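Let's take a walk through this structure together, one stop at a time. Keep the 3D view open as you read.

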Amino acid sequence: MTATRAARHGGSHQPALDGVRGVAILLVLGQHAPTRPLVDGFLGVTVFFGISGYLITTLLVRELRTGRIDVRAFYRRRAARLYPALLTVAAVTVVVVLVARPDLGVGQVLAPAGAAATYTTSLFDWAGHPFATQDYLNYTWTLSVEEQFYLVWPFALLWAYRRSPRLFAAVTVSLIGVTLVLNLFLGLSRQVHFDPHEYFGTDTNALPILVGALLAVVLHHGWLPDAVGRLAFFALPAVALLPALAYRDDTDHTSLVVVAGTALTLVVLTGVVTRPGSAVGRLLASAPLRWLGERSYSIYLWSVLARIAVLSWFGHSVVGDGVWVAMFVVLAEVSFRFVERPLRARFAPAVQRREEITPTV
């Protein structure tokens, strides 16, 4: 079977994609570590957005084979996947902040938790009104961006893709062009130390999600020539370039990092999906990266709270890094085993639980 056909007809779950998520969470952890080896790198978030666009669109397009999308079931699966761990971490964080920050009022503590639960954190940050709790729950801006996108994406597929897949692909290309121009304009035309819109904007961060979604549609229909499988050769160098790009990242040009990170993510995803047996496919399907990828959501949620605690004990030290890793690994594993999986199994339809491996961070 050719590479494109394999990507089109292969099973929903591909172990190497878990490995891509593993690489993405390692990039995020490089930013969150007490010693911050990747400084202000947020490239892992861009990688996560690209995987998300690819996987969720693949799932929805396959469901459209029946002529419809069960939108209620889609959002029920999303809620079952995301809310158990998120609400658990938010509740623990509220208790910790109330104890550790007596200078903050109850309303100041509950407000960011409410924003996290309603996926609106990014909107407050975008508008330049961050919460008084700062880092405690501000990382949920990434979840906000992703879920805002998926509020409209199933309906876009129902309305446009079902009528004409080619026209839908063309419109998606146009949207990619708009977001690409926006990011390039913001990154090249100004010298701004930090722009909340550039960093937190749903529009600026839509680029990797849209590119991943377009890849899903193109591969599903077999519109790429078999020669595209040759990208597998460049996928391994692209994986190696991701941490290099994250290390060079800074808050002055975040939109340019989004553009470069999206391009590298596209190469990695295309190579992995079309040539799962390639060297990069085997590497990313390795047990350690798959373990990280499967728990990446819990790791993302717990690592920030653990980081704040470790910084108060050890400061920005290598010892702090070690304690921090031990803390979030234990917390994430407990959360994954006893919160995420049981509640997902209870509330999400069994037929979809294995298929929708949500790459949310």
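**A tour of helices and loops**

Keep in mind that the model you're looking at is a predicted one. Is serine 296 buried or exposed? Its relative accessibility is 0%, and anything under 20% counts as buried, so serine 296 is buried. And what does serine 296 touch, once you set aside its neighbours within four places in sequence? The residues in contact with serine 296 are Arg21, Ile25 and Phe48.

Helix α16 spans residues 296-314 and also turns up in the next stop, as part of what covers the buried residues of α15. Helix α15 itself covers residues 287-294, and its buried residues are Leu289, Leu292 and Gly293. Why can we say that these buried residues line one face of the helix? Look down the axis of α15: the buried residues fall within an arc of 100 degrees, so they share one face. There's a handy bit of background here: an α-helix has 3.6 residues a turn, so residues three or four places apart point the same way. Besides α16, the cover over the buried residues of α15 includes α2 (15-32) and α14 (279-284).

Now for a pair of helices. Packed helices in general are described by the angle between their axes and the distance between the axes. Helix α3 runs over residues 43-63 and helix α4 over residues 71-100; their axes come within 12 Å and cross at roughly 150 degrees. Since angles over 145 degrees count as roughly antiparallel, that makes α3 roughly antiparallel to α4. The crossing of α3 past α4 is right-handed. If you'd like to pick out the contact on screen, α3 brings Ile56, Leu59, Leu60 and Glu63, while α4 brings Phe74, Arg77 and Arg78. Sorted by kind, the residues of this contact are 4 nonpolar and 3 charged, with no polar ones.

Finally, let's visit two loops. In the loop between α2 and α3 you'll find arginine 36. Its phi is near 50 degrees, a positive value in a residue other than glycine. Arginine 36 is partly exposed, with a relative accessible area of 29%. Tyrosine 119 lies in the loop between α5 (106-117) and α6 (121-126). Tyrosine 119 has a positive phi too, near 55 degrees, and again the residue is not a glycine. Is tyrosine 119 buried or exposed? At 11% relative accessibility, tyrosine 119 counts as buried.

Methods
Residues are numbered from 1 along each chain as its sequence is written. This is a predicted model: local features need pLDDT of at least 70, side-chain atom pairs count only at pLDDT 80 or more; totals for chains, interfaces and linings use all residues. Side-chain values use heavy atoms; hydrogens and water are left out. Buried means under 20% relative accessible area, exposed over 50%, partly exposed in between (1.4 Å probe, protein chains only). Helices (H or I, at least four residues) and strands (E, at least two) are DSSP runs, numbered from the N terminus. The arc is that of the directions from the helix axis to the C-beta atoms. Contact means heavy atoms within 4.5 Å. Axes are lines fitted to C-alpha atoms, for helices over the stretch in contact, and angles run from 0 to 180 degrees between N-to-C directions. Angles under 35 degrees count as roughly parallel, over 145 as roughly antiparallel, 65 to 115 as roughly perpendicular and the rest as oblique. A crossing is left-handed if the near helix is turned anticlockwise from the far one by less than a right angle, and right-handed if clockwise. Ala, Val, Leu, Ile, Met, Phe, Trp, Tyr, Cys and Pro count as nonpolar, Asp, Glu, Lys and Arg as charged, and the others, Gly among them, as polar.
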